[in-house]
Protein chains: 12
Amino acid sequence: MSKPIYILNGPNLNRLGSREPEIYGTTTLADIEQSCQALAQKAGINLSFHQTNDEGELVTLVQEAADEASALILNAAAYTHTSIALLDALKLLEIPIIEVHLSNPAAREPFRQTNYVSPAATSGVFGFGAVGYEMAVQAVLRLLD
Amino acid sequence: MSKPIYILNGPNLNRLGSREPEIYGTTTLADIEQSCQALAQKAGINLSFHQTNDEGELVTLVQEAADEASALILNAAAYTHTSIALLDALKLLEIPIIEVHLSNPAAREPFRQTNYVSPAATSGVFGFGAVGYEMAVQAVLRLLD
Amino acid sequence: MSKPIYILNGPNLNRLGSREPEIYGTTTLADIEQSCQALAQKAGINLSFHQTNDEGELVTLVQEAADEASALILNAAAYTHTSIALLDALKLLEIPIIEVHLSNPAAREPFRQTNYVSPAATSGVFGFGAVGYEMAVQAVLRLLD
Amino acid sequence: MSKPIYILNGPNLNRLGSREPEIYGTTTLADIEQSCQALAQKAGINLSFHQTNDEGELVTLVQEAADEASALILNAAAYTHTSIALLDALKLLEIPIIEVHLSNPAAREPFRQTNYVSPAATSGVFGFGAVGYEMAVQAVLRLLD
Amino acid sequence: MSKPIYILNGPNLNRLGSREPEIYGTTTLADIEQSCQALAQKAGINLSFHQTNDEGELVTLVQEAADEASALILNAAAYTHTSIALLDALKLLEIPIIEVHLSNPAAREPFRQTNYVSPAATSGVFGFGAVGYEMAVQAVLRLLD
Amino acid sequence: MSKPIYILNGPNLNRLGSREPEIYGTTTLADIEQSCQALAQKAGINLSFHQTNDEGELVTLVQEAADEASALILNAAAYTHTSIALLDALKLLEIPIIEVHLSNPAAREPFRQTNYVSPAATSGVFGFGAVGYEMAVQAVLRLLD
Amino acid sequence: MSKPIYILNGPNLNRLGSREPEIYGTTTLADIEQSCQALAQKAGINLSFHQTNDEGELVTLVQEAADEASALILNAAAYTHTSIALLDALKLLEIPIIEVHLSNPAAREPFRQTNYVSPAATSGVFGFGAVGYEMAVQAVLRLLD
Amino acid sequence: MSKPIYILNGPNLNRLGSREPEIYGTTTLADIEQSCQALAQKAGINLSFHQTNDEGELVTLVQEAADEASALILNAAAYTHTSIALLDALKLLEIPIIEVHLSNPAAREPFRQTNYVSPAATSGVFGFGAVGYEMAVQAVLRLLD
Amino acid sequence: MSKPIYILNGPNLNRLGSREPEIYGTTTLADIEQSCQALAQKAGINLSFHQTNDEGELVTLVQEAADEASALILNAAAYTHTSIALLDALKLLEIPIIEVHLSNPAAREPFRQTNYVSPAATSGVFGFGAVGYEMAVQAVLRLLD
Amino acid sequence: MSKPIYILNGPNLNRLGSREPEIYGTTTLADIEQSCQALAQKAGINLSFHQTNDEGELVTLVQEAADEASALILNAAAYTHTSIALLDALKLLEIPIIEVHLSNPAAREPFRQTNYVSPAATSGVFGFGAVGYEMAVQAVLRLLD
Amino acid sequence: MSKPIYILNGPNLNRLGSREPEIYGTTTLADIEQSCQALAQKAGINLSFHQTNDEGELVTLVQEAADEASALILNAAAYTHTSIALLDALKLLEIPIIEVHLSNPAAREPFRQTNYVSPAATSGVFGFGAVGYEMAVQAVLRLLD
Amino acid sequence: MSKPIYILNGPNLNRLGSREPEIYGTTTLADIEQSCQALAQKAGINLSFHQTNDEGELVTLVQEAADEASALILNAAAYTHTSIALLDALKLLEIPIIEVHLSNPAAREPFRQTNYVSPAATSGVFGFGAVGYEMAVQAVLRLLD
């Protein structure tokens, strides 16, 4: 299979490691990309990894994944809870969509209970911290096999 | 009258024709622009047509319309339901604002019942698909006459 | 095509022109029927135009349209917001249903946000005043073409 | 002044005296009309008294009052709580509107807390039973004086 | 016993058989009346069967039943969910009231969860289609026995 | 009958005439007391008239009315909407309680829709301005007769 | 047909006859089983009748009915309003499910308005007391015929 | 490490494979236990696997896990949404708790949005079907390592 | 220990014995003070007992208790449900606070479900009538021992 | 008096002392039974003490208390907030019911504000920890005296 | 300008410095008055500073400010969230009203989100502790200049 | 201290002076920057002033402030009410955050009552128009001193 896996990250994930470490740990997003790339490489598949603070850019990246990706792993961070535009974009995809969150949103503020990603997602991995990304990649690889 | 009509389109409308055709049909946004330009041209009026996935850019385009346009036709798509910034920008305009939706939002999900465009819009054309844009242009031409 | 277009009008529209002119303008319902008849006549199609203050009678007229009409243009006025009987009747129809409102209900009181017509309507024209009826007739004529 | 006072009564008030006497007493609507007519006659003013079970007919009577009456006394009974059509009709009137209820709606079921008459009414007399009608007539006479 | 059983039917039930057959089946209201009349006749009791699209007329028929009937079987259709006037009329009755629905309202739209008939009804038969009317008649006959 | 009528007035009514005259008119509370005293005097009955800005004092005055008054006319102003203590005090009374409001609370802000006086009141007179007090006194006199 | 009809009863129905007789009457559950068995026997069909106070056991009995029964008559009592596990079990069944309640839940406390049985039930018989079981059995026999 | 991993399954999961296969697939719970046991065995760790339809028994099993287990994998099925007793039991545990669901609850009925397991769970794996159990076991093994 | 126990009573408790005896019994507040004083005296501790209809005075008494009391027993009556000022005052205290109610508020009107005392109270005794005060004094004595 | 006092304890109370000691203390349920038995023995009355994690079993024990007990002291723990079956069982009792909670539920999570025990309970003792059981036994003994 | 600035303080602010210092700091109300008086004195303007625990007295002070003050600085503390009487009094003022809070109410309990002062206030200074009073005085001086 | 103060402005503030002057006045954003720069310069501190219509860009500027600023003054305009991404970014900051609004949001539309900035802000200055910025700068300077 030649199409890459897309991993997209939403707002503030570029600050991972510096921000609220008691909730999110000290691993950085670069660390996460590295371990995901390692897993993909071992499986002989490309992996396209992005982060943006911008809702519009995230929508555009999801549209790109509709054409270019074999699967989408998405941690939309705060846009998970506010972006209907993101939901509309995700509905364009006919590939597996795996929602990842570092922490378990169910144990947090009420406004994080609204979720526009889950209704369009195939499945989800929540609260495993950085390990959740690897679990998602492994599940995708198994799925694509 | 020399000021152009503005037609602004929100997120995911660039994918029109590929996305959920059972709801939105197979006409593309380029098709829509073409028939609107034809109508405007026949009436001897300019028409400025834009699409963006970005809330901030949409706000800026609405601000531009405040200065440059004789009327605004707006299909804000998902931002219709989440963007108070858009509402604030629309309040800057002293020209007719016509809200267009391809489908009838009233028949869709509850979160599409919140609407920040309608309170600032003069009028609306819903559920006529691509034809709705032409109806809006014709109504504007009649109005500007 | 020989079946007429039905235009049905709900409660208080018989007082159009005398009632809250700052919202609804001074055009009367007779004026509106006249311009709609003119458009229909030019297209060689019959047009059946009714007004009633009575919910039960409006339901019966919609049932009649189910058998007799090629398309229904409906301004149900206040019954839009309270009549489930009307919704049940509209579900009998297999013809295009176009909802018309003189003003934009979205910019009015909260109790006008409940809408039992829209879920059954194909499309809608809101806030164009009397002109909205003509736009609806033109859209129907194009559709029936 | 030659225009009559209108007193309009909504659904089930024709059964007054037979229905839930522990809430409404045993006076009939005919008794009420009689004492109101007596008061009006003494003041040399006509009084037009109607009851209907039909929402549409009540709307039509209110429209008639817009043209014909000097003041409206209205006990809309159950339509008080469900009829937006009635509210729209009441907004046509530029004369005093006095809302009457035999019992005090505030002490009854939650669904009687919604009220579409009060927002259009000038004033109200609640919970005085049949006497409330006479108080309303006296207040109107004083007002018209 | 000489007083008849009343069976009253609300809006759109006159179209039974033509309307949404996947929910309501193809039996007509005439078919239903016929089987109910047969059951009543066999038991030597009269049966008065009516349908109306009009809320006011339905209220008047219920008032008539207060005087004339030994029991009331009522399928108020959409007015079940919107008519407080109907509830007020039902409170006039001191005879058994049996609520019938062809389908099970609990499995339908949220706005059908509001019910102004049930609080005044003795009992109910839901979701048996046309058979539910016969069950209600049999239960009434047993009760009156 | 020797027990006086109590008229109690809640917070800010001491400023009547100076406060929001477009809602409440220019009559002062002293004017109102004077016309009520005149009516009572003519009927040979005492009238005890009080105003307080203090919830606790209003509760104490209502308790006093439980022992000393033949009827209570109460305009609790803002405490109508917030004081459960007032409701508890009103439940001590076994005499007629008439709720008066200068304006019609139903046409004002949502937080004025909560009402702790009405559930304990026998009846109410709303929106007649200062005249409402006189109507209440006349109704009480008729009642006590 | 050889598969039996299942009648399952939820918590506290074992105390029928002793509990709140003004709502439920004095018939015991044993009386009810007896009259249902009589009806079934006459029709030559087996009837399996159970009661349990335990949610888990009720779920297991419903699962058993999925394999063993030709129809299910279910009075889940309080679990009607709280058990999603019961709803999930009922979805396993491809046979008619008839919901029975001795009283009419619509006329009771708000927390009895939540209902997890109705969405999975084919039909319902409410408020006929013990007679409702017999009506349900007769309806099932007619259905299975 | 000698303490086993506990995998606990709630109501109706014993029917997996027969129930709503379009949502849950055809794999049985025995299949799932087998693949989990294989993973655990390879890692030299015991695995204790249970299913119950009973809330009380599930609570008791969770209490047992508090003493006996090194980690808990829990698919509480319907009790996820209704059992505060389960939440209280889960708070006794000082070991990792991984919530598993075969489907993605976020894409289902509103009453499945209430969740009493997530607030006490460390992490979650949703919507991977039977594979989700294996992912959870692998994550636990990595964690215990 | 030399600091006294404070017992504070809110609005309308001065009328205990005369007010709604079917809910509150015929014991007066003087009776209650007497039995509490007896208990305290036997334990050699002072007891300061107050009642006020005034929210501000109750706040001031609670502030006084912050300096002067060893424990606070509080029956705030209606202010329990409306006074955030009371809650703010209670937060000043570092001594045991025991909330007492004569009846069980949970079995009364919805507006009595809001409670600003409980969040600051250590414990509560509800529904034991006058005996509840003695139970609270005994619990305090045991606690202070 | 020969009938025993029943003390029933709901889910997770068997783990008292091990579970969240900062909220519930370190006393075990056996300690509590011992001090309650001592109090009962001294008064020459039997005391029947039970704990169960099972809702159905708790319902059955309450039914047993309806026949066998002179008073019921109930700490239903989590089932307090979810079990309507428990409420229905409690309504069978004509003896005093005293609700006990170790902590004050009013100061905890919102979902613990729903309470199905309080509406059927005579009185309640909240937030005294283990001492609350003794207070309840003493109150019952006084009551039975 | 000769009219003084009024600074009014609501319930519990007399305990400032002793109460919840982690939220409000250790400055006392006397300290605050002192620094405000210093600022006013330097500007040659009088300053009238009051505190009360009583809602009625606070209302009366606001009424006094309507006549006597050039500007009002108001920290209504808990009455901010419960007093409609206060709002009605504030509407009497035609001078600048500045709302002050020591902490930021938006970061506190939900019941502090209801605010009856803000709708009548010109502006607000929140969360600056005691410094906020000085900022308000400076802003007023600048405004009055 | 060498780190600058950041002042960040959200959507539509670039149009200040042209937009709804009856709410916001005629001062432009350039005027505001000028007076703030003057204050900062006099205090010998740098001031970094930005405006953007873009949510993502605003998030990035807040992240920049986390590293570069000594204090943040933020007028997020419409994003105040919709951006959880902004809240997440603000949580990165360990410096004072002062929320500024030109008008008082509490006196505006309900959707402006949701606020994602306040929970992360130290303090706020609302409704002083352009002067509010200067007050915020002065407060920051005092704080940094």
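How far apart are the nearest C-alpha atoms of chain G and chain K, two chains that do not touch? Their separation is listed below together with that of a second pair without contact (contact means heavy atoms within 4.5 Å).

| Chains that do not touch | Nearest C-alpha atoms |
|---|---|
| chain G and chain K | 25 Å |
| chain H and chain L | 20 Å |

This is a predicted model, in which local features need pLDDT of at least 70 and side-chain atom pairs count only at pLDDT 80 or more, while totals for chains, interfaces and linings use all residues. Residues are numbered from 1 along each chain as its sequence is written, chains are lettered from A in the order in which they are written, and side-chain values use heavy atoms, with hydrogens and water left out.

In chain I, the axes of helix H2 (residues 29–42) and helix H6 (residues 131–144) come within 9 Å and cross at roughly 25°, which makes H2(I) roughly parallel to H6(I) (a term for angles under 35 degrees). I:Leu29, I:Ile32, I:Ser35, I:Cys36 and I:Leu39 of H2(I) meet I:Tyr133, I:Glu134, I:Val137, I:Gln138 and I:Leu141 of H6(I). By class, this contact of H2(I) with H6(I) has seven nonpolar, two polar and one charged residues, where Ala, Val, Leu, Ile, Met, Phe, Trp, Tyr, Cys and Pro count as nonpolar, Asp, Glu, Lys and Arg as charged, and the others as polar.

D:Gln63 is found in helix H3 (residues 55–68) of chain D and is buried, with a relative accessible area of 3% (buried means under 20%, with a 1.4 Å probe and protein chains only). Not counting residues up to four places away in sequence, D:Gln63 touches C:Asn12, C:Asn14, C:Arg15, C:Asn53 and D:Leu92.

Terms used:
Helices (H or I, at least four residues) and strands (E, at least two) are DSSP runs, numbered from the N terminus. Buried means under 20% relative accessible area, exposed over 50%, partly exposed in between (1.4 Å probe, protein chains only). Axes are lines fitted to C-alpha atoms, for helices over the stretch in contact, and angles run from 0 to 180 degrees between N-to-C directions. Angles under 35 degrees count as roughly parallel, over 145 as roughly antiparallel, 65 to 115 as roughly perpendicular and the rest as oblique.
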